[in-house]
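I opened the notebook to record what I looked up in this structure, going through backbone geometry and helix packing in turn. The entries follow in the order in which I made them.

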Amino acid sequence: MTEDSYKPPCKGKLIAIEGIDSSGKTVQSRMLADKTHSVMFSFPEYWNRTGTLVNEMTKGGALDFNSRAWACMMAANRYEELDLLVSALKHGDVVCNRYYISNIAYSTASGIDTEWLFALD
């Protein structure tokens, strides 16, 4: 395969907006998605199967996981949306309100090895 004949599997770009809690990521992500006619994803996605567990964990529910299990749960939440995300990228750009970098930042702060986290995502 030559460089000239290579066609990427996706048409669009994935643009991730990252930042600390309550810094306006959702508003900025929505504005960018609207302006560029892009599909928007927010992570974690609370409406899917793993998202319901994540939601319960963040609200102080009965579920309590160690830091490594938490990182796996957040990665699983993104993996659960992977087919939809790739499908959207095949048609155009995607704006994400958080993506895997948030998981790496939060989990590294909890003492988890960065190399392990990059391998997870």
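**Backbone and packing notes**

I began with Arg98, which counts as buried because its relative accessibility is 13%, where buried means under 20% relative accessible area, exposed over 50% and partly exposed in between, with a 1.4 Å probe and protein chains only. I noted that the phi of Arg98 is positive, near 80°, although the residue is other than glycine, and that Arg98 sits in the loop between β3 and α5 (100–109). Helices here are DSSP runs of H or I with at least four residues, and strands are runs of E with at least two, numbered from the N terminus.

Before going on I wrote down that this is a predicted model, in which local features need pLDDT of at least 70 and side-chain atom pairs count only at pLDDT 80 or more, while totals for chains, interfaces and linings use all residues. Residues are numbered from 1 along each chain as its sequence is written, and side-chain values use heavy atoms, with hydrogens and water left out.

At 80% relative accessibility, Ser22 counts as exposed.

In the loop between β2 and α2 I found Pro44, which is joined to Phe43 by a cis peptide bond with omega about 5°.

Next I looked at helix α1 (residues 25–36), whose 12 residues reach 16 Å from first C-alpha to last, close to the 16 Å expected at 1.5 Å a residue; the expected span is 1.5 Å times one less than the number of residues. Lys25, Ser29 and Ala33 are the buried residues of α1. Seen down the axis of α1, they fall within an arc of 60°, so they line one face of the helix, the arc being that of the directions from the helix axis to the C-beta atoms. Their cover includes β1 (14–17), β2 (39–42) and β3 (94–97). After α1 comes His37, with a positive phi near 55°.

Last, I checked how helix α2 (residues 49–58) packs with helix α3 (residues 67–80): the angle is about 145° and the axes are 8 Å apart. Axes are lines fitted to C-alpha atoms, for helices over the stretch in contact, and angles run from 0 to 180 degrees between N-to-C directions. Among the residues of α2 that meet α3 are Leu53, Val54 and Met57, and those of α3 include Trp70, Met73 and Ala76, contact meaning heavy atoms within 4.5 Å.
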